[in-house]
Amino acid sequence: MKKHVNFLILLLFLGVQVMAQGVKKNTSIRSGELWPDTDGKHINAHGGGVLFHKGKYYWFGEHKTAGRGGNSTLFGVGAYVSDDLYNWKNAGIVLKVEEDASSEIVKGCVIERPKVVYNQKTGKFVMWFHLELKGKGYEAARTGLAVSDSPTGPYTYVKSFRPNAGQWPMNLDPELKHRTVGMEQLKWWTDEWRREVEKGLFIRRDLEQGQMSRDMTVFVDDDGKAYHIHSSEENLTLHIAELTDDYMDFTGKWSVLAPAGHNEAPAIGKRNGKYFMITSGCTGWEPNEARSFVAESIWGPWKPLGNPAVGEGADRTFESQSTYILPVQGKKDAFIFMADRWRPRNPIDGRYVWLPLEFEGDKPVLKWQDEWSLDVFNTKYKKKSAPAAKGKASAK
Ligand code: GAL
């Protein structure tokens, strides 16, 4: 008898657990709120990017800690796994910082904006990230590389460096290689100085040691070629650089985007055979007005299309800064703009702003939504095939 009662209590307990789980399930995206993972803890994956692999989404990001100083990397890169983009299971720290003081990724370094791509040829998961060496502020400006056999790691640290040492960009006039105007002759932020930046002032300065690489992303094109896009030249100019077939190095082929344009936080997508990019200006953790660009070739020319955000809060990108453009699987032209609402005084409390991208012609458009679900993409899709449909067409 007692056995039966115990068994019934166990069943009751399990039932309650299942119900509690059910209740906790997220069914929508609410930008700026706390985002509980499947354990009920706010997701800790800032400056992130998402990889889709074999039916699952993997979200990689900076694992921050509490209080001032929480932006330096005390643990490593965190990952979360989801099959619906609403409910994320913590997969832990997948690239761990090291205890050895001589390591480039020693505890206390700064690892930002990690992005993971899968290489079909090698079967490896390749992680690139912005690395700043411990105790050196933001002066190292290196890109870092780690690799794993599994999406959730462990990732093995490989190396860090400044890209494209000794290589000229393909879209710089070769005549400018020999230009003799140097940094010391110019006053920063003057028009003359800006024109010289466009003429390769910083590229020449950094040619031998490699170009600076801070805010970055990685993009895999339809043909399997991958590109590393990073803020370079003291954050003045974006560099687009081709990766080798195994994604583990740079080929030396690269081009500049918006020289002296002061762009950070690059996020890129491809639609109707064209590339589109969203960036931010450079105001550190403070939000600013986003920018957008479109190009027919990844190498440019990139046409500036202005601020993609519209409506109230658009001048500060709804208090956020871009980090990634996430294509929603199985839906045509469905992209999520992923951004961070930083909390520099308590970085672990940083929030996420995810918004569905709309398009006006080639221009990506962002509108604030308090709460939305992936159904907005179905509605949009249906709207296209049945333009006569009226009424509550979208969740705007
Ligand atoms: C931002 C950048 C962040 C971080 C921060 C540091 O502009 O986008 O990733 O580097 O500066 O101040």
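## Overall make-up

The protein has four helices and 21 strands. The model is a predicted one. The chain has 396 residues, and 52% of them count as buried. The accessible surface of the protein comes to about 18,600 Å². Carbon and sulfur atoms account for 53% of that surface.

Contacts also reach along the sequence. Take those between residues at least 6 apart: 51% of them join residues at least 24 apart.

## The ligand site

Which residues stand around the ligand? They are Glu112, Arg113, Tyr138, Asp215, Glu264, Gly284, Trp285 and Gln321. By class, this shell has four charged, two polar and two nonpolar residues.

For Glu264, an N or O atom of the side chain is 2.5 Å from an oxygen atom of the ligand. For Arg113, a polar side-chain atom lies 2.9 Å from a ligand oxygen. For Gln321, the distance from a polar side-chain atom to an oxygen atom of the ligand is 3.0 Å. On its own, the ligand has 310 Å² of accessible area, and the protein covers 89% of it.

Two of these residues also mark places in the fold. Glu264 falls in strand E13, which spans 264–271. Gln321 falls in strand E18, which spans 321–327.

## The five-stranded sheet

Strand E18 belongs to an open sheet of five strands. The order is E17-E21-E20-E19-E18, and the pairing is mixed. Which strands stand at the edges? They are E17 (309–310) and E18 (321–327). Each has a single partner strand, so one side of each is left without a neighbour in the sheet.

The partner of E18 is strand E19, residues 335–341. The two run antiparallel and are joined by six bridges. In this pairing, Gln321 stands opposite Asp340 in E19.

The loop between E17 and E18 holds Thr317. Its phi is near 45°, a positive value in a residue other than glycine. Is Thr317 buried or exposed? At 2% relative accessibility, Thr317 counts as buried.

## The E11–E12 hairpin

Strands E11 and E12 form a hairpin with six residues between them. In the turn, Tyr247 has a positive phi of about 65°. The two strands pair in the antiparallel sense over five bridges. His239 stands opposite Val256 in E12. Strand E12 covers residues 250–257, and six of its eight residues are buried, so it is largely enclosed by the rest of the structure.

Glu242 lies in strand E11, residues 237–243. This glutamate is buried, with a relative accessible area of 8%. What does its side chain meet in a polar contact? The partner is the side chain of Thr251, at 2.9 Å. Beyond four places away in sequence, Glu242 touches Lys225, Ala226, Tyr227, Asp249, Phe250, Thr251, Lys253 and Trp299.

## Backbone exceptions

Most residues other than glycine have a negative phi, and most peptide bonds are trans. Several sites in this model depart from that pattern.

Asn272 has a positive phi of about 50°, although it is not a glycine. Its place is the loop between strand E13 (264–271) and strand E14 (274–280). Asn272 is exposed, with a relative accessible area of 55%. Thr317, by contrast, is buried.

There are also cis peptide bonds to note. One joins Gly153 and Pro154, with omega about 5°. Pro154 sits in the loop between strand E7 (142–148) and strand E8 (156–161). Another joins Gly300 and Pro301, with omega about 0°. Pro301 is in the loop between strand E15 (291–295) and strand E16 (303–304).

Key:
Residues numbered from 1 in each chain as written. Predicted model: local features only at pLDDT ≥ 70, side-chain atom pairs only at ≥ 80, totals over all residues. Heavy atoms only, no water. Pairing = 2+ DSSP bridges. Near = heavy atom within 4 Å. Polar contact = N/O pair within 3.5 Å; in protein donor to acceptor, adjacent residues only side chain to side chain. Areas by Shrake-Rupley, 256 points an atom, 1.4 Å probe, with all protein chains shown as cover. Nonpolar A, V, L, I, M, F, W, Y, C, P; charged D, E, K, R; others polar. Buried < 20%, exposed > 50% of the residue type's maximum accessible area, 1.4 Å probe, protein only. Contact = heavy atoms within 4.5 Å.
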